[in-house]
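Here is a short tour of one protein model, written for someone who likes to think at the level of side chains. Have a look at the structure first, then read on.

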Amino acid sequence: MSLRFSREVGGDLLSRLAVGVLFAVMSVNLLTDFAHTHRLTGLLLLASESLVVVLTIVRRRTQIVDRSAAAAVVTTISLIGPSLVRTVSGGGLLPDAVTAVVSSVGLVLIIAGKITLGRSFGLVPANRGVVIGGVYGFVRHPIYAGYLLTHLAFACAYPTTWNVTVLVLTDTALIVRALYEEKVLEADRSYQSYCRRVAWHIVPGVF
C-alpha cells in the first residue's frame, strides 16, 4: 500500500468521523430545543443534515477529486457551519408554521436530490458519475438549493447575529463549492451536454 493511498484512505475516514461528530453536536442542541419549545424548524434542519451523515458513510470513492486547498476550505466551511448555529428563546421573524413550511420544501429538495445521487454523493468536489435525472433536470445543484431554503428558514426562526453570520458564510461557501464541483466535471462530455440543457446552478432564473 503506497503512502499516498494510505493518506487518502486515512483522510477519507477522518472526514467521515468529523461529519459524525459535528452532527452529534448539532443533534444535542436542536433536539433539546424541540423538547422544550416543540418548534419544528430546527428539527427539520437536523433532518436535512442527517442525510449528509448517512451518504458520507456509504459514498463511492473516486480518483477524480479536487484536492486543492481552496476546495478543502470551502467544503470545510459549508460542512461545519450548520453545526455552529444555536437555538434561542423568543419569537422569530416569522411564525414557526411559516418557517417550517419553507424548511420542509428545502428538505424535500434535499431528499429528492440525494436519493437521485445515491452513492454518487460526496463532500469534496469530485466526479463520482454525472447525474442528470429527477430534480437535476431543473437546476445543477438541487441539494444546495434545499440547503439555502432550510438555512433561510432557520435564520428567520432564530434571527441572532451569530446565526445569520454563520449561515451567510456557510451558504457563500456552498455556492463556491458548487462552482468548484462544476469545474471538476466540465471535462466530462456528458456533463457538458447536461449543462447545455440545464443552465441554472442553484436558483432558477437567478443563478
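A residue is called buried when its relative accessible area is under 20% and exposed when it is over 50%. Keep in mind that this is a predicted model.

- Helix 7 spans residues 189-197, and its buried residues are Y191, Y194 and C195.
- Viewed down the helix axis, these buried residues sit within an arc of 100°, so they line one face of helix 7.
- R189, R196 and R197 are exposed, on the face of helix 7 turned away from the buried side.
- The packing partner for the buried residues of helix 7 is helix 6 (161-185).

**Salt bridges**
- Side chains of opposite charge can pair when their charged atoms come close.
- The model has 2 salt bridges.
- One joins E182 and R140, whose closest N and O atoms are 2.9 Å apart.
- This pair links distant parts of the chain, 42 residues apart: E182 belongs to helix 6, while R140 lies in the loop between helix 4 (96-117) and helix 5 (142-157).
- E182 and R140 are both buried.
- R177 also forms a salt bridge, with E181, at 3.7 Å between the closest N and O atoms.
- R177 and E181 are 4 residues apart in helix 6, so about one helical turn separates them.
- Both R177 and E181 are buried.

**Cysteines**
- The disulfide count is 0.
- C156 is buried, at 16% relative accessible area.
- C195 is buried too, with a relative accessibility of 18%.

Notes. Residues numbered from 1 in each chain as written. Predicted model: local features only at pLDDT ≥ 70, side-chain atom pairs only at ≥ 80, totals over all residues. Heavy atoms only, no water. Disulfide = S-S within 2.5 Å. Buried < 20%, exposed > 50% of the residue type's maximum accessible area, 1.4 Å probe, protein only. Helix = DSSP H or I, 4+ residues; strand = E, 2+ residues; numbered from the N terminus. Arc of directions from axis to C-beta. Contact = heavy atoms within 4.5 Å. Salt bridge = Lys/Arg side-chain N within 4 Å of Asp/Glu carboxyl O.
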